[in-house]
Amino acid sequence: MIRVDKLNKSFGDLHVLKDIDMTVNESDVVVLVGASGSGKSTLLRCLNFLEIKNSGTITIESENVEKETHNLNKIREKVGMVFQHFNLFPHKTVLGNVTEAPIQVKGISRQQAVKEGKELLDKVGLGDKYNVYPSTLSGGQKQRVAIARALAMKPDVMLFDEPTSALDPELVGEVLATMKELALEGMTMVVVTHEMGFAREVGDWVVYMHDGKIVETGIPSDLFDHPQEERTKAFLSSIL
Ligand code: ADP
Ligand code: MG
């Protein structure tokens, strides 16, 4: 689904991603972990072209994507993203948030967008909130709207950047449950999170990043219980 080869990204003199190689197969859930500043968000943002790489290749569904030759909006339709801070449209209802892009960007009919939007909101447990405004929702509900909004574009891959980090602890579970359900349905997902329980239970692969490099990749039980690299051991003991 996604292949990254020798990806490099700098901001001025700051070399943030260093020769990243990564493969995400269809229906994989890849969990990216690592200390703050290690480059996790930058990697996700490169994958849906919110940031443009300096070198290396990004292959999405067998297409080598370059900003010069591709319509990046089309790529972003395939690769949905959910952010830590929801980024909902405050002046639109919940249903309006979910139908906006399908209508405006994809050009589907309002009637069809409303039908599909309601189905998605039902699915994330917000079937009674179609017509309210985001300000009336809890953080967990807002994040579930954001997930429904991303799904409304029918992406092939979903990227999550610390989707529960801004939530009060009692609201984290409902968002993780929604993500787990999506994973069980076979959605291909790349998830940056500090929720190690989720990584262990739902992740197919865990990727540990440090200082712009991938230090170690493994299935959760190997990476968490038998890390090979000293860096990984130090990171795990710092968070557990
Ligand atoms: P993480 O998500 O793992 O915390 P980030 O990818 O956000 O890490 O950041 C990696 C490094 O890149 C940090 O040193 C950060 O300050 C820097 N960085 C991220 N975005 C920008 C930007 N737009 N301009 C300059 N530096 C940035
Ligand atoms: Mg980040």
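Trainee: In what order do the six strands of the open sheet run?
Mentor: The order is 6-7-8-3-9-10, with mixed pairing. Two strands pair if DSSP finds at least two bridges between them. Strands are DSSP runs of E, at least two residues; helices are runs of H or I, at least four, and both are numbered from the N terminus.

Trainee: Where does this model come from?
Mentor: This is a predicted model: local features need pLDDT of at least 70, side-chain atom pairs count only at pLDDT 80 or more, and totals for chains, interfaces and linings use all residues. Residues are numbered from 1 along each chain as its sequence is written, chains are lettered from A and ligands numbered from 1 in the order written, and side-chain values use heavy atoms, with hydrogens and water left out.

Trainee: How do strand 3 and strand 8 run, parallel or antiparallel?
Mentor: Parallel. Strand 3 covers residues 29–33 and strand 8 covers 188–192, with four bridges joining them. V30 sits opposite V190 of strand 8.

Trainee: And what about strand 1 and strand 2?
Mentor: They run antiparallel, joined by seven bridges. Strand 1 spans residues 2–11. K9 has L17 in strand 2 as its bridge partner. The two strands form a hairpin.

Trainee: How many residues lie between them in that hairpin?
Mentor: Two. In the turn, G12 has a positive phi of about 60°.

Trainee: New topic. What surrounds ligand 1?
Mentor: F11, L14, V16, A35, S36, G37, S38, G39, K40, S41 and T42. A residue is near a molecule if one of its heavy atoms lies within 4 Å of it.

Trainee: Which element gives the most to that shell?
Mentor: Helix 1, with three residues. Helix 1 (40–47) and strand 2 (14–24) each supply at least two.

Trainee: How do the shell residues divide into nonpolar, polar and charged?
Mentor: Four are nonpolar, six polar and one charged. Ala, Val, Leu, Ile, Met, Phe, Trp, Tyr, Cys and Pro count as nonpolar, Asp, Glu, Lys and Arg as charged, and the others, Gly among them, as polar.

Trainee: What does the side chain of K40 do at ligand 1?
Mentor: An N or O atom of the K40 side chain is 2.8 Å from an oxygen atom of ligand 1. That is a polar contact, a pair of N or O atoms within 3.5 Å.

Trainee: And S41 and T42?
Mentor: A polar side-chain atom of S41 lies 2.8 Å from a ligand 1 oxygen. For T42, the distance from a polar side-chain atom to a ligand 1 oxygen is 2.5 Å.

How values were computed: Polar contact = N/O pair within 3.5 Å; in protein donor to acceptor, adjacent residues only side chain to side chain.
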